[in-house]
Amino acid sequence: MTLNGKTALVTGSTSGIGLGIAQVLAGAGVNIVLNGFGDPAPALAEITRLGVRVIHHPADLSDVAQFEALFALAEREFGGVDILVNNAGIQHVAPVEQFPIETWDKIIALNLSAVFHGTRLALPGMRTRNWGRIVNIASVHGLVGSTGKAAYVAAKHGVVGLTKVVGLETATSNVTCNAICPGWVLTPLVQKQIDDRAASGVDPQQAQHDLLAEKQPSVAFVTPQHLGELVLFLCSEAGSQVRGAAWNVDGGWLAQ
């Protein structure tokens with residue numbers, strides 16, 4: 001099976017994990033629909049260099065109407081979405097009793113409800129074409145908890161549960177749904193945590209080491225390339241019987 005000519009919608013893909021996944025898929029011949037805030041020009045240029053077609057839509061995925069418009073654009077330009085990677089997400093850290101209600105609602109809307117809406121919008125076309133892949137970028141926090149991350153952990157656990165349901169509902173078809181659960185990836189949010197530690201006088205390299213060592217036994221970051229290659233495997237024939245799985249890529253975090 002070849003992925004040449006397939007179309008992938010990767011949410012939250014103008015930078016970071018999402019862009020890394022989009023680049024790996026584009027390298028396999030997949031046309032890309034990028035989504036995200038900020039200037040899309042660098043991401044568009046990166047994907048274009050890989051020789052596939054690429055478009056961008058800045059939909060706020062917490063707004064269902066904008067998400068529907070994003071899918072309508074993919075339908076017009078490419079005839080539909082063959083691969084959906086639900087990656088977009090936000091984070092906030094605070095104890096439960098101090099957690100802002102409006103922030104809770106925003107995190108649940110983007111990190112969980114948007115995964116549901118993307119899935120329900122993608123499935124009819126995938127069933128009609130008798131092929132599709134849905135990959136939800138959850139988190140190790142979809143499988144374990146951490147203090148101060150109530151909304152994020154709740155949403156990511158919900159994503160893992162939703163993945164299982166969709167995996168079962170598509171089990172006899174050529175559509176699969178799986179989740180990837182990364183540990184620490186060097187995103188701007190994680191870099192800020194390192195910088196905060198360094199600001200107290202700790203050497204930046206030591207601050208990074210200490211952050212990783214607290215949770216991730218490999219003491220090395222997961223990279224967007226790692227995640228993109230796993231998405232590519234799940235899209236391949238070799239991954240066709242991986243269904244409803246929550247695949248942790250976490251440097252040993254959950255093995256402890």
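This is a predicted model: local features need pLDDT of at least 70, side-chain atom pairs count only at pLDDT 80 or more; totals for chains, interfaces and linings use all residues.
Residues are numbered from 1 along each chain as its sequence is written, and side-chain values use heavy atoms, with hydrogens and water left out.

**Whole chain**

Start with the cartoon. Switch to the C-alpha trace, and the span along the principal axes is about 55 × 35 × 35 Å. The radius of gyration is 18 Å, which agrees with the value near 18 Å for a compact globule of 256 residues (taken over C-alpha atoms; the rule is 2.2 Å times the number of residues to the power 0.38).

Now colour by burial: 49% of the 256 residues count as buried (under 20% relative accessible area, with exposed over 50% and partly exposed in between, 1.4 Å probe, protein chains only). As for contacts, meaning heavy atoms within 4.5 Å, residues 24 or more positions apart account for 66% of those with a separation of 6 or more.

**The largest pocket**

Next, select N87, A88, G89, I90 and T187, the residues nearest the centre of the largest pocket, which has 40 lining residues. Elements giving two or more residues to that lining are α1 (16-27), α4 (101-129), α5 (150-169) and α6 (188-198). The largest share, four residues, comes from α6. The pocket's volume is about 1,000 Å³.

A word on terms: a pocket is an open set of points on a 1 Å grid over the protein atoms alone, where a 1.4 Å probe fits, with protein on both sides within 12 Å along at least five of seven lines; lining residues have an atom within 4 Å of a point. Volume is the space filled by probe spheres set on the points, which are joined across faces, edges and corners.

**The second largest pocket**

Select K149, W184, Q193, R197 and L211, the closest to its centre among 16 lining residues. Two elements, α6 and α7 (204-215), each give two or more residues here, and α6 gives the most, with five.

**Single residues**

Jump to T7, in strand β1 (residues 7-10). T7 is buried at 1% relative accessible area. Show its surroundings and, beyond neighbours within four places in sequence, you'll see contacts with V30, N31, V33, F78, G80, V81, D82 and I83.

For a contrast, pick A199 in the loop between α6 and α7; A199 is exposed, at 68% relative accessibility. Draw a distance from its C-alpha to that of I55, 144 residues away along the chain, and you get 40 Å.

V219 sits in the loop between α7 and α8 (224-235), partly exposed at 31%.
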